[in-house]
Amino acid sequence: MEHGDGEAVIIGGMVLDIHATPSMLANPGTTTPGKVYYVQGGVARNVAECMSKLGAKPYMISALGFDMAGNLLLNQWKSAGLSIEGILKDKDIETPVVCNIFDVNGEVAAGVASVEAFEKYLTPDWIFRFKNTLLSAPVLMVDANLSHPSLEAACKMAIDMECPVWFEPVSVTKSRRISSIVEYVTFASPNEDELIAMANALSGSDEFHPLKESQKKNISVLSLFQMLKPAIWVLLEKGIKVVLVTFGSNGVFLCNKGWPRQFKMPAEKTNQCGFRGQLFKTVMQKCPPSRYSGFSELDRSSHLFAVHFPSLPASVVRLTGAGDCLVGGTLTSICAGLDIMQSVSVGIAVAKAVVEVEANVPSTFSLSAITGAKVLFPQSML
């Protein structure tokens, strides 16, 4: 299957997630009644699947083994009609598996990750085989499961093809890998803790510290932003053009130097077929670019622009796929030709849909639910 025009390239993890949820408070040293689910996961895979459910055909570059987990993931990918050409398959690969134990509130209480295969098999040589897929790609997304050499190879390849790079940090530990590729990155999507780790890695210090839970209680959105602004500024000063910081129930901050409306894909690199075309038309009608014309930068002395997108009320079942689907919804919208602010609005609405289901990605998305979300009109400007 050839890579189509206006389709993103995604490089990173495909993982089998095992989700265990007790039906009562768990006691150490014994089993507890509950439910255990096998769920297709991996940050890059989740993002790509989300995009496919929104009508895109992202090109996935990853690695799987010929074992139970690998077969399950590969068969699901084939059934979605997505290309498997970029997925390395080898009998020596142990397909990555992550086991998460949740508490009764749906939060991760403990987990074990076996994902060494990414660093061993997703090599620069394998990635370079698919250089031509970036010729017409509007964006390359890499997740931090890749080794430093592979991250650097992928990013340099994208820059050679004049393709912007989106960096997804994956975890606090792996987020620090930004230090070797920051000069190539256009977009980054850390959560609060990943932001702090990235800022420390890029500044070569430990001056930034995660906020304590006591600091977050009864704090305003503006105060939260002001406390994290120095860390955000480090990422922007190092050259990242757009920083999208996620804060769970507190929503998302979109930050960049100056005015972000310039971050819109050229028309020749967009694709508005099918569901994406409907999404583009509906969002342009409900949330046109002129809607944001009155916004100005938060800090005129430093020309920092920041806007807050609140999260949407949801009947939460599971939180693990929210961040990945936020990115998937945002990327799909960018690739359809919407600008970054419109795209983040869509991403927020897509994230709401995923926290209300067991899977990391919902089986389907409703166009009316996504475009009818009130977040399409950001409620507060910092």
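The side chain of D339 reaches the backbone nitrogen of Q342 at 2.9 Å. This is a predicted model: local features need pLDDT of at least 70, side-chain atom pairs count only at pLDDT 80 or more, and totals for chains, interfaces and linings use all residues. Residues are numbered from 1 along each chain as its sequence is written, and side-chain values use heavy atoms, with hydrogens and water left out.

**Stop 1: D339.** Stay on this residue. D339 sits in the loop between α11 (322-335) and α12 (340-354). Helices here are DSSP runs of H or I with at least four residues, strands are E runs of at least two, and both are numbered from the N terminus. Now select M341. Its backbone nitrogen lies 3.1 Å from a polar atom of the D339 side chain. Is D339 buried or exposed? D339 is buried, with a relative accessible area of 3%. Buried means under 20% relative accessible area, exposed over 50%, and partly exposed in between (1.4 Å probe, protein chains only).

**Stop 2: V139.** Go to the loop between α4 (124-128) and β8 (140-143), where V139 is placed. V139 counts as buried, at 1% relative accessibility. Show its contacts (heavy atoms within 4.5 Å). Leaving aside neighbours within four places in sequence, V139 touches A8, V9, C163, P164, W166, M265, L331 and C335.

**Stop 3: helix α1.** Select residues 43-53. Ten of the eleven residues of α1 are buried. They are V43, A44, R45, N46, V47, A48, E49, C50, M51 and S52. Just after α1, pick G55, which takes a positive phi of about 100°.

**Stop 4: the second largest pocket.** Select P22, A26, T32, I101 and F102, which lie nearest the pocket's centre among its 18 lining residues. Colour β2 (15-22), β3 (34-41) and β6 (97-102): each supplies at least two residues of the lining. The lining divides into ten nonpolar, six polar and two charged residues. The pocket holds about 280 Å³ of space.

**Last stop: the whole chain.** Zoom out. The chain has 13 helices and 14 strands. Buried residues make up 55% of its 382 residues. Among contacts between residues at least 6 apart in sequence, 73% join residues at least 24 apart.

Key. A polar contact is a pair of N or O atoms within 3.5 Å; within protein, one must be able to donate a hydrogen and the other to accept it, and residues adjacent in sequence count only if both atoms are side-chain atoms. On a 1 Å grid over the protein atoms alone, a cavity is a set of points where a 1.4 Å probe fits but cannot get out, and a pocket is an open set with protein on both sides within 12 Å along at least five of seven lines; lining residues have an atom within 4 Å of a point. Grid points are joined across faces, edges and corners, and a volume is the space filled by probe spheres set on the points. Ala, Val, Leu, Ile, Met, Phe, Trp, Tyr, Cys and Pro count as nonpolar, Asp, Glu, Lys and Arg as charged, and the others, Gly among them, as polar.
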